[in-house]
Amino acid sequence: MWQLADYCSCASLFPYLPQKRNGGDRGARLRRLCWALKNGDPKAVSWVVERVLRLAPSSPLNGVFAPDSVLVPVPCHAPHRTGSLWPTRALTQWMVPRGLGGSEETMLKRRTAVTQSAPAASDQRPMAVNHLQSFGVRLPLAPPHRIVLVDDVVTTGATMLAGVSAISGAMPNVRVRGFAFFRTVSSGNTGLPIEAILERIRLQPDGRTVRSG
């Protein structure tokens, strides 16, 4: 079994305030956009991908996406069933034709289900080790130079850290980075900047994960 990394880097595009926090009109708009993305709305997917494309050449996204990158969608909380919605794969399939990667590969898969984080209480969400134990990695025929693990929303970063750890454990010489379209924030400030940022997701001594700028 692979070991959890101490940290990984993860870029993200938009802040996301959970429903219970107001965030004003801006927070409400971002929530609607996030849920449209999760439901695979083509207009929402196209709009956010085009925004990434515009911002990709500038900091902090410069260097995240490259023509030789393989984009890997983060799996849902349970093993994928044919015909079921896979939001992050819909995103990676839009991103590659627009030059945000050379190809997309479903190389990270769930072997077993974990508790779905969004509706769960904070103390009942799976930790990075739970995610790691649930993952399987399908190796490509030729190892890529770099991989970008793509998620729709990053909260504590447990899923992202586990995914990066699994892929890095299977292919130790490949550079793996994370990218999420939304990042959960704890502030209800209506003046939240809508801009891309780069953070580190760190593993804490108690096994939990925390994001830091």
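In this predicted model, strand E8 and strand E9 (residues 209-212) run antiparallel and are joined by 4 bridges. Within this pairing, Ile201 has Arg211 in E9 as its bridge partner. The hairpin that E8 and E9 form has 5 residues between the strands, and in it Gly207 takes a positive phi near 95°. As background to that value, most residues other than glycine have a negative phi, and most peptide bonds are trans.

Strand E8 (residues 197-203) also pairs with strand E1 (residues 7-16), here too in the antiparallel sense, over 6 bridges.

In general, the strands of a sheet pair through backbone hydrogen bonds, either parallel or antiparallel.

**Two helices in contact**

How do the axes of H1 and H2 cross, and at what angle? The axes of helix H1 (residues 24-38) and helix H2 (residues 42-55) come within 8 Å and cross at roughly 110°, which means that H1 is roughly perpendicular to H2. On the side of H1 the contact involves Leu33, Ala36 and Leu37, which meet Ala44, Val45, Trp47 and Val48 in H2. Sorted by class, this contact of H1 with H2 has 7 nonpolar residues, with no polar and no charged residues.

Ser59 and Pro60 are joined by a cis peptide bond, with omega at about 5°.

**Selected residues**

| Residue | Relative accessible area | Class |
|---|---|---|
| Cys8 | 4% | buried |
| Thr106 | 10% | buried |
| Glu199 | 11% | buried |
| Pro79 | 38% | partly exposed |

Cys8 lies in strand E1, and because its relative accessible area is 4%, Cys8 counts as buried. Although Cys8 and Leu161 are 153 residues apart in sequence, they are 6.1 Å apart in space, C-alpha to C-alpha. Leaving out residues up to four places away in sequence, Cys8 touches Met160, Leu161, Val164, Glu199, Arg200 and Ile201.

Glu199, one of the residues that Cys8 touches, is found in strand E8. Is Glu199 buried or exposed? Its relative accessibility is 11%, so Glu199 counts as buried. The side chain of Glu199 is joined to that of Arg211 by a polar contact of 2.9 Å. Apart from residues up to four places away in sequence, Glu199 touches Cys8, Ser9, Cys10, Ser12, Arg183, Arg211, Ser212 and Gly213.

Thr106 has its place in the loop between E3 and strand E4 (108-110), and with a relative accessible area of 10% Thr106 is buried. Which residue's side chain makes a polar contact with the side chain of Thr106? The partner is Arg138, at 3.4 Å. When neighbours within four places in sequence are left aside, Thr106 is in contact with Pro73, Trp86, Arg89 and Arg138.

Pro79 lies in the loop between E2 and helix H3 (87-95), and at 38% relative accessible area Pro79 is partly exposed. Pro79 and Phe135 are 56 residues apart in sequence and, from C-alpha to C-alpha, 9.4 Å apart in space. The residues that Pro79 touches, not counting those up to four places away in sequence, are Arg110, Arg111, Thr112 and Ala113.

Terms used
Residues numbered from 1 in each chain as written. Predicted model: local features only at pLDDT ≥ 70, side-chain atom pairs only at ≥ 80, totals over all residues. Heavy atoms only, no water. Pairing = 2+ DSSP bridges. Axes fitted to C-alpha atoms, helices over the stretch in contact; angles between N-to-C directions. Parallel < 35°, antiparallel > 145°, perpendicular 65-115°, else oblique. Contact = heavy atoms within 4.5 Å. Nonpolar A, V, L, I, M, F, W, Y, C, P; charged D, E, K, R; others polar. Buried < 20%, exposed > 50% of the residue type's maximum accessible area, 1.4 Å probe, protein only. Polar contact = N/O pair within 3.5 Å; in protein donor to acceptor, adjacent residues only side chain to side chain.
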